[in-house]
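Me: I would like to learn how to read contacts between side chains and how to read a sheet. Please take me through them one at a time.

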Amino acid sequence: MRMSRGGNAGLLKCGKGTTYEGGMREPAIAYWPGKIQPGVTHELASTLDVLPTIAGLTGAKLHGVQLDGYDMSNILFNKGMSKRNAMFYYPTDPSEMYSVFAVRLGKYKAHYYTQGAGHSDTTPDHDCHFDALLKSHDPPLLFDLESDPSENYNLATASHPEYKAVLVKILDAKTQFEKTMVFGESQVGKGSDPALEPCCDPQCSPKPTCCVCR
């Protein structure tokens, strides 16, 4: 996002609405006096990791719930390594047809699909713009995010055969993840159900029949 639309992603490619780093990567601050010591970490983490971390700290049991997150306690309290080695990127409108758009494994990131977004129209890079339509990549684009966080230099080319093994590992991680991925029913798609309408009188009874806006 640029200018009045929300800030600047700096050297990261594109902005919100895309699966490039400028649309996904963000800094984070953790603050707990007496528990979390001052410092900086570059370990990989996600908002998906917040719930299992809180559950671990409080001893809460998550019976029968399969989570995509990991407990971040080792990062927060020991300045240790993350349990997360992979991140799976979906667009703003995910679908079972296309599934994962990009996968990060360690320092490498592979793009299987790319697409621009209106929020990134003010960037000079045309890959970011709304009219940069959905594009499939086979082989996927491959970037080393440690040496190339701007995602400028695709390593999946004929001149870099040494990276074929990296693509195989990323594809294996993607395949294993997709085997367990279950798309939930769209709650927005249930809009025809009157029981899901906002209640004009939250204190009324019985619900939902009393929730009639007059």
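Reply: This is a predicted model. Start with a charge and a ring: Lys109 lies over the face of Tyr89, 4.2 Å from the ring centre.

Me: Which ring does the charged end of Lys174 sit over?

Reply: The ring is that of Tyr112, and the charged end of Lys174 is 4.8 Å from its centre.

Me: How many aromatic pairs are found in the whole structure?

Reply: The search finds seven aromatic pairs. One of them is formed by Trp32 and Phe77, with 5.8 Å between the centres and 70° between the planes. Planes over 60 degrees apart count as edge-to-face, so Trp32 and Phe77 are an edge-to-face pair.

Me: Where in the chain do Trp32 and Phe77 lie?

Reply: Trp32 is in the loop between helix 1 (21-24) and helix 2 (50-58), and Phe77 is in helix 3 (residues 73-78). The two are 45 residues apart, and their pair links distant parts of the chain. Trp32 counts as partly exposed because its relative accessibility is 39%. Phe77 has 26% and also counts as partly exposed.

Me: What is the geometry of the pair of Tyr108 and Tyr163?

Reply: Tyr108 and Tyr163 form an edge-to-face pair, 6.0 Å centre to centre and with 65° between the planes. Tyr108 lies in strand 3 (residues 108-114), Tyr163 in the loop between strand 4 (135-144) and helix 4 (164-180), so the pair ties together parts 55 residues apart in sequence.

Me: Is Tyr108 buried or exposed?

Reply: Buried means under 20% relative accessible area. Tyr108 counts as buried because its relative accessibility is 17%. Tyr163 is buried too, at 18%.

Me: Which residues do ring pairs link into a cluster?

Reply: The cluster consists of Phe88, Tyr90, Phe177 and Phe183.

Me: Now the sheet. How do strands pair in general?

Reply: The strands of a sheet pair through backbone hydrogen bonds, in a parallel or an antiparallel way. Here four strands form an open sheet in the order 1-2-3-4, and the pairing is antiparallel. Strand 1 (86-89) and strand 4 are the edge strands, each pairing on one side only. On average, neighbouring strands are turned by 10° against each other, direction ignored.

Me: How many bridges join strand 3 to strand 4?

Reply: Six bridges join these antiparallel strands. Tyr108 stands opposite Asp144 in strand 4.

Me: Which strands does helix 4 lie across?

Reply: Helix 4 lies across strand 1, strand 2 (102-105), strand 3 and strand 4. Its direction is at about 65° to strand 3.

Methods
Residues numbered from 1 in each chain as written. Predicted model: local features only at pLDDT ≥ 70, side-chain atom pairs only at ≥ 80, totals over all residues. Heavy atoms only, no water. Phe/Tyr/Trp six-rings, centres within 6.5 Å; stacked < 30°, edge-to-face > 60°. Buried < 20%, exposed > 50% of the residue type's maximum accessible area, 1.4 Å probe, protein only. Lys NZ or Arg CZ within 6 Å of the ring centre and 35° of its normal. Pairing = 2+ DSSP bridges. Axes fitted to C-alpha atoms, helices over the stretch in contact; angles between N-to-C directions. Contact = heavy atoms within 4.5 Å.
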